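Okay, thanks for having me, everyone. I have one structure to walk through today, so let me put it on the screen.

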Amino acid sequence: MNLPGVDVTAARQKVYPRQMDGRFRRLRNFLSVYLQGLLFLLPWWQWQGRQAVLIDLPGRKLFLWGLVLHPQDTYFLHLLLISAALTLFCVSAVAGRMWCGYACPQTILTQAFIMVERWWEGDRAARIRLDRSSWTASKLGRKLGKLASWSAMGGFLGLTCAGYFLPIRELVQQALHGQFNTAMVATVGFFTALSLFQFGYFREQFCTYVCPYARFQGAMLDSDSLIVAYNGDRGEPRGKLKDPNRGSCVDCTMCVQVCPMGIDIRQGLQMECIACTACVDACDQIMDKTGQPRGLISYTTLSGEPGKLTRPRVVIYLCLLVGLIGLLGYLIFNRTPLGLDAVREMLPGGHLAETTPDGQVSNIFSINLVNRLAHPTRLQLGTQGLPGAQLMGISNPLDLASGDVTQTRVIVLVPANTSRGVHKFFFTARPIDSDGAQPKGGTDISCQKEATFVVP
Ligand code: SF4
Ligand code: SF4
């Protein structure tokens, strides 16, 4: 790490990454197209008549294909986030910062913005010249052209990001008909401005100064983790091509020119390095041109030996990950659309039951009902297995909005001839329509909960 000696207050030196082809570049291009396709197409995916992935903030719901999560389901999100973090830890322990270099949206989208910048202003040398030159009509045209293209990209990206929060088909329909509401303009505008700033201007500074991952990667890497590194033993002393005493490095600075982080990998492993392998491709081409073996900059490990996969931290991460994914799968698989819970309450004076003058017996229960459906529902509460039982003290049926959690008290009354003892029975909650009949079609989502009734 090069933190000692770094002047963190120094003004930013703008980075002009040079275009470079190569085997890793092609792999990253392929991944970039695939991941951007996923990002832009996902909001258009329909599932059971609605958007498959939607964060409905006003409705306080998260739609994930067939799963509808409400505020009381945040443990699902916690498990998902912990699983994502563990995946990142595991990938980092094995493959270093491969996520940063190959899959992080910051890297991929910055590359897309740089590609457009290159169309308007040329490659590295031309861009440096243009920025240093005085303002002319040609320079203004190029800068405005770039800004217009970036704005279009930012707008498209903003619309896509907004489409994860507002139904994207409605957004586009409204936009096409010139109907703009405040929520739509604010959401699209926010994401558009953010993407212009983030990928057009802030770029590598986000990785260096904002992203926490760069900070704690040191704790996640060990001597067996994959890193991109320069082989100083082979490369030094660096020198010009004709220098007979030089090592393999011809000091062409190609590895520095292509680096999107603006660092020199020959100075050792640095916090800023996102392991994008642009310097590997660049140096391999120089090695080819100078008739030397490739690999002066390459994937390696801190120990210099091939990394072992079966090491304690990797095994622990994998075991935790498999356990968490198993738990998530179990919870999702066993999740019911309706939730019903019932607990018998103690009566004043510590009694479990009360007997009316005509011999009927009552118990009081505290009932919890949850509607996990994406729509409101009307529920008929009843009992099963307790002959002659009546429910009193509540308005039955009950109307529950989507995501509602309702707690209510109910008196259960049984006839005088009910035998003494503890009777097991079930509370039932059955969806009904406005006519009181069971809704037609679809699967039966009625639920029940076992409880006990005490007859003293
Ligand atoms: S690209 Fe290779 S040869 Fe050129 S300066 Fe970098 S390490 Fe040296
Ligand atoms: S040093 Fe190499 S691998 Fe690291 S960010 Fe720069 S170009 Fe990418």
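I'll start with the overall layout, then go to the two ligands, and finish with a few individual residues.

Some housekeeping first. This is a predicted model, so bear in mind that local features need pLDDT of at least 70 and side-chain atom pairs count only at pLDDT 80 or more, while totals for chains, interfaces and linings use all residues. Residues are numbered from 1 along each chain as its sequence is written, chains are lettered from A and ligands numbered from 1 in the order in which they are written, and side-chain values use heavy atoms, with hydrogens and water left out.

The protein chain has 14 helices and 16 strands, where helices (H or I, at least four residues) and strands (E, at least two) are DSSP runs numbered from the N terminus. Its radius of gyration is 32 Å, well over the 23 Å from the globule rule for 456 residues, so the chain is more spread out than a compact globule. For the record, that radius is taken over C-alpha atoms, and the rule is 2.2 Å times the number of residues to the power 0.38. The C-alpha trace spans about 110 × 60 × 40 Å along its principal axes.

How is the chain divided? There's domain 1 (1–44 + 96–304) and domain 2 (338–455), with bounds from an automatic or database domain assignment. Their C-alpha centres lie 61 Å apart.

Of the contacts with a separation of 6 or more, 70% are between residues 24 or more positions apart, contact being heavy atoms within 4.5 Å.

Now the ligands. Ligand 1 has 13 residues around it, and the closest are Cys249, Cys252, Thr253, Cys255 and Cys283; a residue counts if one of its heavy atoms lies within 4 Å. Helices α12 (254–257) and α13 (278–289) each give two or more residues to that shell. By class, the shell of ligand 1 is 10 nonpolar, one polar and two charged. Here Ala, Val, Leu, Ile, Met, Phe, Trp, Tyr, Cys and Pro are nonpolar, Asp, Glu, Lys and Arg charged, and the others, Gly among them, polar.

Ligand 2 also has 13 residues around it, with Cys259, Cys273, Cys276, Thr277 and Cys279 coming nearest. That shell has 12 nonpolar, one polar and no charged residues.

One of those, Cys279, is also in contact with Ile265, as are Val228, Ala229, Tyr230, Gln270 and Ile297, leaving aside neighbours within four places in sequence. Ile265 sits in the loop between α12 and α13, and counts as buried because its relative accessibility is 8%.

Finally, some backbone details. There's a cis peptide bond from Glu236 to Pro237, omega near -5 degrees, and another joining Asn396 and Pro397, omega about 10 degrees. Pro397 lies in the loop between β12 (390–392) and β13 (398–400).

Two non-glycine residues have positive phi: Gln48, near 50 degrees, and Trp65, about 50 degrees. Are they buried or exposed? Gln48 is exposed at 65% relative accessible area, while Trp65 is partly exposed at 28%.

That's my tour; over to you.

Methods:
Buried < 20%, exposed > 50% of the residue type's maximum accessible area, 1.4 Å probe, protein only.
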